[in-house]
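Subject: Structure handover

Hello,

Here is the structure for your files. My notes on what turned up in it follow below.

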Amino acid sequence: MPKVETFDRTNVLQKATEVFHRKGYNGTSMQDLVDATELNRSSIYNSFGSKLGMFMEVLSHYQSITQNKIGKETLRAHNAADTIKLIFEMYLKEIIADVDNKGCLIFNCKSEMANQEHLIKSFMEQNQEQTIAILEDLVHNGQMEKIFNEDQSSGRYALYLYSAIQGFRMTGILNSNEDELRNLINIVLKVLY
């Protein structure tokens, strides 16, 4: 008979997220996870299989939270241009609130591990494809609404926006000046008009 988990999995994932976010995957030891989650090693292994298994679940949890935030921003928007701007504004708020300058866990993981582990690379590719698809739909809608120009295809603009978001998030690690970052958002979005 399998053992029943006696802990709040979401709470454990949040605590593990904080450790991985602060130290990175390679810098996080199993003891760090034991200390942060207050689970013993056997509980971690039984529930997640390994440190990598826990990390993959942490990435999925973090991705889900980010997608929910983007979904909420999309509901607030009046059109595609507003949606894209609100997504950048959401990231701006995160940058300003990130007093430890940790950056985005997924982008950090991409630079640390994308070429080290097949599961992580696969996750990163899927995350990138999903994000670009969302951005492509938004750009396409903006082009159909005659808000955005058609100098480039919606797919090319989506890749541009994805790259801009990554650069924006990375810039925000060392620069949290709101005026400068807001100006950067305006420069990025100007290309679409």
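Helices and strands here are DSSP runs, with at least four residues of H or I for a helix and at least two of E for a strand, numbered from the N terminus. On that basis the protein chain has nine helices and zero strands, and its pattern along the sequence reads α-α-α-α-α-α-α-α-α. Please keep in mind that this is a predicted model.

Overall dimensions and packing

Along the principal axes, the C-alpha atoms of the protein chain fill a box of roughly 60 × 35 × 30 Å. The chain has 193 residues, of which 45% count as buried. Taking contacts between residues at least 6 apart in sequence, 67% join residues at least 24 apart.

Helix α6 (105-113) is one element I looked at separately. Its buried residues are Leu105, Ile106, Phe107, Asn108, Cys109 and Met113. These buried residues pack against α1, α4, α7 and α8.

Cavity

The structure holds one cavity of 30 Å³ or more. The volume of the largest cavity is about 250 Å³. Its lining consists of 18 residues, and Thr66, Ile70, Tyr91, Asn127 and Thr131 are those nearest the centre. At least two lining residues come from each of α4 (51-76), α5 (80-97), α6 (105-113), α7 (118-144) and α8 (154-174). Sorted by class, the lining of the largest cavity has 11 nonpolar residues, six polar and one charged.

The largest pocket contains about 380 Å³ of space. It is lined by 17 residues, with His21, Tyr62, Lys69, Glu94 and Gly103 nearest its centre. Helices α1, α4, α5 and α8 are the elements that give two or more residues to this lining.

Aromatic pairs

How many aromatic pairs does a search of the whole structure find? The search returns five. One of them is the edge-to-face pair of Phe20 and Phe55, at 4.7 Å centre to centre with 65 degrees between the planes. Phe20 belongs to helix α1 (residues 9-27) and Phe55 to helix α4, so this pair ties together parts that are 35 residues apart in sequence. Are Phe20 and Phe55 buried or exposed? Both Phe20 and Phe55 are buried.

A second pair to check is Phe88 with Phe168. Their ring centres are 5.6 Å apart and their planes stand at 75 degrees; planes over 60 degrees apart count as edge-to-face, so the Phe88 and Phe168 pair falls in that class. Phe88 sits in helix α5 and Phe168 in helix α8, 80 residues apart, and the pair links these distant parts of the chain. Phe88 and Phe168 are buried as well.

Phe20 and Phe55 also belong to one aromatic cluster together with Tyr25. The face of Tyr25 has a charged neighbour: Lys51 lies over it, at 4.3 Å from the ring centre.

For a first look in the viewer, I would start with the largest cavity and the residues nearest its centre, Thr66, Ile70, Tyr91, Asn127 and Thr131. The largest pocket can follow, from His21, Tyr62, Lys69, Glu94 and Gly103.

Regards

Key: Residues are numbered from 1 along each chain as its sequence is written. This is a predicted model: local features need pLDDT of at least 70, side-chain atom pairs count only at pLDDT 80 or more; totals for chains, interfaces and linings use all residues. Side-chain values use heavy atoms; hydrogens and water are left out. On a 1 Å grid over the protein atoms alone, a cavity is a set of points where a 1.4 Å probe fits but cannot get out, and a pocket is an open set with protein on both sides within 12 Å along at least five of seven lines; lining residues have an atom within 4 Å of a point. Grid points are joined across faces, edges and corners, and a volume is the space filled by probe spheres set on the points. Ala, Val, Leu, Ile, Met, Phe, Trp, Tyr, Cys and Pro count as nonpolar, Asp, Glu, Lys and Arg as charged, and the others, Gly among them, as polar. Rings of Phe, Tyr and Trp (its six-membered ring) pair if their centres lie within 6.5 Å; planes under 30 degrees apart count as stacked, over 60 as edge-to-face and the rest as tilted. Buried means under 20% relative accessible area, exposed over 50%, partly exposed in between (1.4 Å probe, protein chains only). A charge sits over a ring if NZ of Lys or CZ of Arg is within 6 Å of the ring centre and within 35 degrees of the ring normal. Contact means heavy atoms within 4.5 Å.
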